[in-house]
Amino acid sequence: MNNNDIILKADNLYFSYDDEKTHSLNGLSLEIPRGQKIAFMGANGSGKSTFFLCCTGIHKPSSGTLYYNGEPYSYDRKGLLKLRSKIGIVFQDPDNQLFSASVYQEISFGVLNLGYSEEDAKKAVEDVIAELEITPFRHKPTHALSGGQKKQVSIADILVMKPDIIILDEPAAALDPKHTTMVNQIVNRMTKSGITVFMATHDVNYAYEWADQVILFHQGKVLMQGAPEEVFSNPRVLEKTNLEPPAVLELFHSLCQKQILKTTLPLPKNLKTLEKYISDTNINTTQ
Ligand SMILES: Nc1ncnc2c1ncn2[C@@H]1O[C@H](COP(=O)(O)OP(=O)(O)OP(=O)(O)O)[C@@H](O)[C@H]1O
């Protein structure tokens, strides 16, 4: 792959929270292609959140280098300001992110801090309020919002800055099905507009269908990176990271074993494709 196609690269990162005996990142290296949807998976404590905090410049690795658009990270004030505007993180718990009194203040804080004029900030905030359907509660204090509304505002906080990369740490955690669907729709719109999306998730079915690439973390480094079909068809790495294969793949393989479907078919991405395989087979056998 051409180097210009790599938006973020990590080279041999180490990071420890307290002492140098336990490494939360333990020689982690990876390359992320621009404009893709990347699912980060792995057991609890495997280092996903720590890596995300390093990506945004909140943590600095004790050794190793991060590159954004081919340039090594710079941790001076100017470098960090640039990182903050280009790589945004939406935390798992919105209460760790929202700190302004009102929704409007909350969403405008980031752009005003980046030096937008009042007028440009107003336009950017209004656009994102409309896009994320925040209008009905735009005048509410942030502490009075529901969990789903808080999640919408915390995504708006980041989107308003028009980042190149948006990092979502388990965006559907604690959301009901309606709000999960809404967040998924927002994420789909982001990827269509060319933003590179990193998402930590434990949901193998979602990751399998959604992601262009899956990165499996294990003990602070990358165990495997590849297309979802490739990663989720590897029983050894799934077992090591405590992951089950996606339901649609399990069903497909079981139908192949029973010789209802042919193993030569491409792996189905979702249940709709699997249903089509089955109905095509029925048509072929009844003709
Ligand atoms: N603030 C902290 N202080 C001390 N240790 C921490 C802190 N945050 C994370 N760790 C440790 O760093 C390691 C990696 O944790 P991290 O939160 O990055 O994993 P994760 O893959 O995001 O986990 P999860 O899926 O549970 O969110 C773990 O051993 C964890 O205990």
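**From the fold to single residues**

The protein has 11 helices and 10 strands, where helices (H or I, at least four residues) and strands (E, at least two) are DSSP runs numbered from the N terminus. Its radius of gyration, taken over C-alpha atoms, is 21 Å, close to the 19 Å that the globule rule (2.2 Å times the number of residues to the power 0.38) gives for 287 residues, so the protein is as compact as a globular protein of that length. This is a predicted model, in which local features need pLDDT of at least 70 and side-chain atom pairs count only at pLDDT 80 or more, while totals for chains, interfaces and linings use all residues. Residues are numbered from 1 along each chain as its sequence is written.

Along the principal axes, the C-alpha atoms fill a box of roughly 70 × 50 × 35 Å. Of the 287 residues, 35% are buried, a residue being buried if 20 or more other C-beta atoms lie within 10 Å of its own, exposed if 12 or fewer, and partly exposed in between, with C-beta atoms placed from the backbone. Among contacts with a separation of 6 or more, 64% join residues 24 or more positions apart; two residues are in contact if their C-beta atoms, placed from the backbone, lie within 7 Å.

The protein is divided into domain 1 (3-245) and domain 2 (246-287), with bounds that come from an automatic or database domain assignment. The contact between them takes 7 residues from domain 1 and 7 residues from domain 2. On the side of domain 1 that touches domain 2, helix H7 (residues 204-210) gives the largest share, 4 residues, and the residues of that side divide into 4 nonpolar, 1 polar and 2 charged. Here Ala, Val, Leu, Ile, Met, Phe, Trp, Tyr, Cys and Pro count as nonpolar, Asp, Glu, Lys and Arg as charged, and the others, Gly among them, as polar.

A nonpolar core is a set of buried Ala, Val, Leu, Ile, Met, Phe, Trp, Tyr and Cys residues joined through C-beta atoms within 7 Å. The largest such core has 70 residues, of which Ala39, Phe40, Val128, Ala156, Val160, Ile167 and Phe198 touch the most other members. Domain 1 (3-245) and domain 2 (246-287) both give residues to this core, so it lies between them. Leaving aside residues up to four places away in sequence, Ile167 touches Phe52, Cys55, Thr56, Ile87, Gly88, Ile89, Val90 and Phe198.

Which residues surround the ligand? They are Tyr17, Asp18, Ser24, Gly42, Asn44, Gly45, Ser46, Gly47, Lys48, Ser49, Thr50 and Phe217, a residue being near a molecule if its C-beta atom, placed from the backbone, lies within 6 Å of it. Helix H1 (residues 48-55) gives the largest share of this shell, 3 residues, and by class the shell has 2 nonpolar, 8 polar and 2 charged residues.

Thr241 lies in the loop between helix H9 (235-240) and H10. It is partly exposed, with 18 other C-beta atoms within 10 Å, and, not counting residues up to four places away in sequence, Thr241 touches Met41, Gly42, Ala43, Leu216, His218 and Leu223. Leu251, in helix H10 (residues 247-257), counts as partly exposed with 16 C-beta neighbours inside 10 Å.

Asn12, found in strand S1 (residues 6-15), has a phi near 55°, a positive value in a residue other than glycine. Glu133, in the loop between helix H4 (118-131) and helix H5 (147-159), has a positive phi of about 55° although it is not a glycine.
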